2 protein chains.
Amino acid sequence: MSQIKTAAILIIGDEVLNGKIQDTNSRFFAKFLFEKGIQLQKILVIGDESQDIIESVRELSSKYDFIVTTGGIGSTHDDITYESIAKAFDLNLELHQETVDKMIKLRKSTSKQLEGDALKAQLRMATLPKGSNVENIYLNEELWVPIVGINKKLYIFPGVPQLFEKMVKGLVEQHLNSRIPEENKFIRFYVSTKLSESEIAPHLTQLQKKAQDDGFEDVKIGSYPHLGLQVNTISILARSKNKDYLRSIVDYSIKNLQGVEIDSKLEDEYSNNVDPLK
Amino acid sequence: MSQIKTAAILIIGDEVLNGKIQDTNSRFFAKFLFEKGIQLQKILVIGDESQDIIESVRELSSKYDFIVTTGGIGSTHDDITYESIAKAFDLNLELHQETVDKMIKLRKSTSKQLEGDALKAQLRMATLPKGSNVENIYLNEELWVPIVGINKKLYIFPGVPQLFEKMVKGLVEQHLNSRIPEENKFIRFYVSTKLSESEIAPHLTQLQKKAQDDGFEDVKIGSYPHLGLQVNTISILARSKNKDYLRSIVDYSIKNLQGVEIDSKLEDEYSNNVDPLK
């Protein structure tokens with residue numbers, strides 16, 4: 001399977017172009033890819049225009065390893081992403097029964113009552129490009145919207161930020177991880193300490209400077225105070241090829257800063273704890 | 001001079017693509033153009049990459065009436081917008097003496113001390129595309145950065161939002177206004193009244209509904225309470241081709257809502273007044 005090093009995002013929606021809403025999907029995507037070590041090279045926003053969609057997905061597909069589209073897969077007449085992308089890759093559109101079944105199951109109470117034009121509108125959302133190069137990926141049992149993937153390269157997402165964010169994370173972490181070159185990925189260690197930020201600050205400054213001097217320019221050392229818990233977490237980040245160097249900083253922190261190594265799950269729990277001082 | 005109906009914005013900067021900063025220029029531009037009646041059709045974000053810049057400005061120039069670029073015109077080595085755009089249009093780059101003079105005059109205290117590489121870096125910002133199809137537009141005496149315009153179509157702006165916003169407004173309102181088709185522009189009337197919002201609300205709802213029914217779908221009626229001043233302003237907006245219909249709503253408001261027509265300057269003053277209840 002081809003490696004993923006570069007990426008682009010295509011945002012489809014008149015409401016961004018007329019200033020009605022602020023696109024936040026591209027910022028999320030940019031940060032998320034950066035953490036994964038994938039280089040986002042283009043953000044493109046276009047309207048709900050078939051020809052624009054066709055040209056854009058063709059061009060982006062010819063240039064980048066991983067392309068996502070957001071928006072234009074709802075039930076109204078101006079949602080034309082599926083049909084435009086099908087045209088771009090010479091694919092047919094077909095009502096996708098598995099999606100219909102999941103939709104009916106998960107939307108039971110509402111779907112049952114739909115008929116006529118309303119039902120037709122709802123079924124637009126299950127009318128998908130079809131072909132041997134098309135996959136329909138369902139992330140979990142709570143979601144009937146599939147991620148439609150084409151050529152293992154271009155993936156079609158909804159525009160709603162909460163859905164988009166969750167689904168992009170799921171796709172990359174559950175399905176694409178093995179295609180991201182190991183040496184490009186970031187790796188991060190956490191060390192927690194009861195020492196105050198002021199006490200650890202001079203050490204961190206010195207460690208950061210030493211990393212630069214030693215030629216490890218991707219190393220980033222930071223600290224996160226968890227005031228309510230009386231704990232500070234030191235974050236130690238770099239590309240995974242520099243893992244050994246990072247471990248030497250972890251060891252230093254454990255030895256000299258009363259540190260205890262913790263995993264990202266515990267750090268998340270610290271972060272999510274209600275903090276009485278903030 | 002050719003009319004301006006469609007537009008695109010090209011944002012040049014690695015820091016947006018790696019998620020370090022949120023681009024806000026495109027949202028401002030989208031809203032601003034919408035108010036002017038110009039259709040923004042593409043937002044494109046690319047990195048500080050010469051080939052990407054060259055291809056993007058050529059393509060956008062072939063498709064849209066009005067293109068702006070933001071970013072990449074600072075003094076560091078990765079600021080390559082001027083030179084890349086010059087290449088895209090087969091233009092030479094030349095130190096532009098008028099810009100240097102203004103720069104020295106306005107940055108007197110700092111510029112005087114610069115020499116060697118630092119001076120060279122500063123002069124990059126005054127090294128501009130040159131040609132008979134190039135204009136350097138200075139908006140006022142407080143600003144040495146020119147807006148570089150090419151083919152009366154593509155305009156080069158700094159990325160800093162405060163500067164970008166001020167300069168785009170200045171360019172459009174002082175220089176491009178006559179090229180925006182009159183019938184596409186929005187027109188807005190204000191009527192102020194001492195009646196409370198609750199008293200006028202049912203009238204406004206009815207007027208808005210009537211406008212829809214009469215086929216004037218672009219008409220938008222709103223109200224702005226100025227609590228501290230005990231005044232409500234009714235805003236009545238549409239494309240200027242529907243001016244006569246708007247005037248009939250103004251007349252209705254004057255007659256039935258104890259209204260007085262006011263201009264946008266007075267409405268701005270009302271809005272800027274310190275409001276003790278907010």
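I started with the sheet in chain A of this predicted model. I found 4 strands in an open sheet, ordered 10-11-9-12, with antiparallel pairing. Next I looked at the edges. Strand 10 and strand 12 of chain A each have a single partner strand there, so one side of each lacks a neighbour in the sheet.

Strand 9 and strand 12 of chain A run antiparallel and are joined by 4 bridges. I looked up A:Ser192 and found A:Val260, in strand 12 of chain A, as its bridge partner.

What packs on the sheet? I found helix 9 of chain A, residues 197-213, touching strands 9, 10 and 11 of chain A. The direction of helix 9 makes about 170° with that of strand 10 of chain A.

The largest pocket holds about 1,500 Å³ of space. I listed 46 lining residues; closest to its centre are B:Lys31, B:Phe34, B:Glu35, B:Lys36 and B:Phe186. Helix 2 of chain B, residues 25-36, gives the most to this lining, with 8 residues. By class I noted 20 charged, 14 nonpolar and 12 polar residues.

I turned to the second largest pocket, with a volume of about 1,100 Å³. Of its 31 lining residues, A:Lys31, A:Glu35, A:Phe186, A:Arg188 and A:Leu237 lie nearest the centre. Elements giving two or more residues to this lining include strands 9, 10, 11 and 12 of chain A. Which element gives the largest share of this lining? I found helix 2 of chain A, with 6 residues. The classes here are 14 charged, 11 nonpolar and 6 polar.

Methods: Residues are numbered from 1 along each chain as its sequence is written. Chains are lettered from A and ligands numbered from 1 in the order in which they are written. This is a predicted model: local features need pLDDT of at least 70, side-chain atom pairs count only at pLDDT 80 or more; totals for chains, interfaces and linings use all residues. Side-chain values use heavy atoms; hydrogens and water are left out. On a 1 Å grid over the protein atoms alone, a cavity is a set of points where a 1.4 Å probe fits but cannot get out, and a pocket is an open set with protein on both sides within 12 Å along at least five of seven lines; lining residues have an atom within 4 Å of a point. Grid points are joined across faces, edges and corners, and a volume is the space filled by probe spheres set on the points. Ala, Val, Leu, Ile, Met, Phe, Trp, Tyr, Cys and Pro count as nonpolar, Asp, Glu, Lys and Arg as charged, and the others, Gly among them, as polar. Two strands pair if DSSP finds at least two bridges between them. Contact means heavy atoms within 4.5 Å. Axes are lines fitted to C-alpha atoms, for helices over the stretch in contact, and angles run from 0 to 180 degrees between N-to-C directions.
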